[in-house]
Amino acid sequence: MELLPGGLKFRQLQVFRAVLRTGSTRRAAAELGISQPAVSQHVKQLEATVGLTLFKRSANRIVPLLEAWELLRNVEMALTSLGRLEASIFARKNEEKQRIAIAAPSVFGFVTLPKVVAVIHAKTASNVRSISGSYEQIGEHILAGRADLGISRLPLDPRLFEWAPLGSARNVCIFHPDHRFSRQARVDAEDLAGETIVDIDPQFAAHQMNFNALRFAGAEPDILVEFDCNGHEAGYVSAGLGIAITNEIIAREYAAFDLEARPVEPSALYHYVAIWQKGRTFSGALNTSLEAIIAAFSEPAADVPPPPAAD
């Protein structure tokens, strides 16, 4: 399926999409596993084929023009359709067997996704591909046809996605059971003064909210470790190296770790959803997979020691 209508080539469209998504030919080359000159050549060939200038070239970089962003919408739809065709052919060759691709932050691989896979395995002949990424990347995996379903958070664009609610969560502080917070019913911003903190990278909104609250309370954060995705903090915190702020749904994934959690203020509210591309037609196996995700989130969390009663 290399040659497409109008003389377009599948690889050209893949490269074009990667350049716009990553923001540079260098990062696109790394993502696709090809050389940077090869990326540039594919882009030039695509421009020649469609008869449009898609990028402004300046020094060693290219800047997408409006025409490039407009073309990207059609390219996304075309590549998604081709991905679905490939999946359909695969399913027909394998009779009832289907591969279900689920995109979710890697932290859900601790508790929730194993439950989901167990149900899919028991009820269908399908196998599962688990794809990890940030919430933004989850949406990209869905739109690109790499994933059938995803676990993400609102807000989402209703023009692109449909979703089913999974649950809502507020912030909690997680810590080692021997920590002084185990004697409290709640952790406030001023309680964090003097604490060693394991925290998510500064580009995340949760980081900004947590530390703005701490600074408002008159304390400067003492950050020991920064991590770039949910899940990494559990090891550091269970080793007694510090405390971390997450939310109730993420904290459920840490059932295997020796941790305790308490509500933390100020807090935010997060709404988790199972997502799929708008207009997607569901097979029986896909329906079963969605039901399994919803059921996994509706199960009660593992037992957590209750907070002490207030004096």
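Residues are numbered from 1 along each chain as its sequence is written, and side-chain values use heavy atoms, with hydrogens and water left out. Because the model is predicted, local features need pLDDT of at least 70 and side-chain atom pairs count only at pLDDT 80 or more, whereas totals for chains, interfaces and linings use all residues.

The largest nonpolar core holds 40 residues; a core is here a set of buried Ala, Val, Leu, Ile, Met, Phe, Trp, Tyr and Cys residues joined through side-chain atoms within 4.5 Å. Buried denotes under 20% relative accessible area, exposed over 50%, and partly exposed the range in between (1.4 Å probe, protein chains only). Within this core, the members that touch the most others are Phe 108, Ile 151, Ile 174, Tyr 272 and Ile 293. Helix α10 (residues 284–298) supplies the largest share of the core, seven residues. Helices (H or I, at least four residues) and strands (E, at least two) are DSSP runs numbered from the N terminus. A second, separate core comprises 19 residues, including Val 19, Leu 46, Phe 55 and Leu 72. In soluble globular proteins, nonpolar side chains tend to be buried together.

Contacts (heavy atoms within 4.5 Å) were listed for Tyr 272 without residues up to four places away in sequence; among its partners are Phe 108, Tyr 135, Ser 152, Arg 153, Pro 165 and Ile 250. Ser 152 belongs to strand β5 (residues 149–153) and is buried, its relative accessible area being 1%. Beyond its neighbours within four places in sequence, Ser 152 contacts Tyr 135, Ile 138, His 271, Tyr 272, Val 273 and Ile 275.

Strand β11 (residues 260–265) runs antiparallel to strand β6 (residues 161–175), with four bridges between them; pairing requires at least two DSSP bridges between two strands. Ile 174 has Ala 261 of β11 as its bridge partner. Strand β7 (residues 187–188) also pairs with β11, in the parallel sense and over two bridges. Here Asp 188 stands opposite Glu 265.

Six salt bridges are counted, each defined by a side-chain nitrogen of Lys or Arg within 4 Å of a carboxyl oxygen of Asp or Glu. In one of them, the closest N and O atoms of Asp 148 and Arg 280 are 2.9 Å apart. Asp 148 lies in the loop between α6 (135–143) and β5, and Arg 280 in the loop between β12 (269–277) and α10, so the pair ties together parts 132 residues apart in sequence. Asp 148 and Arg 280 are both buried. Arg 186 and Asp 188 form a salt bridge at 2.8 Å, N to O; Arg 186 is partly exposed at 43% relative accessibility, whereas Asp 188 is buried at 18%. Glu 260 and Arg 262 are joined by a salt bridge at 3.1 Å, N to O, and both are buried.

On the surface, Leu 224, Tyr 236 and Leu 241 form a nonpolar patch with about 260 Å² of accessible area together. Leu 241, in the loop between α8 (232–238) and β10 (244–247), is partly exposed with a relative accessible area of 40%. Patches consist of residues with over 30% relative accessible area and no salt bridge, like charges being joined within 9 Å and nonpolar side chains (Val, Leu, Ile, Met, Phe, Trp, Tyr) within 5 Å. Accessible areas come from the Shrake-Rupley method with a 1.4 Å probe; for residues, only the protein chains shown count as cover.

The peptide bond from Leu 154 to Pro 155 is cis, with omega near 10 degrees, and Pro 155 lies in the loop between β5 and β6. Glu 265 and Pro 266 are likewise joined by a cis peptide bond, with omega about 0 degrees; Pro 266 lies in the loop between β11 and β12.
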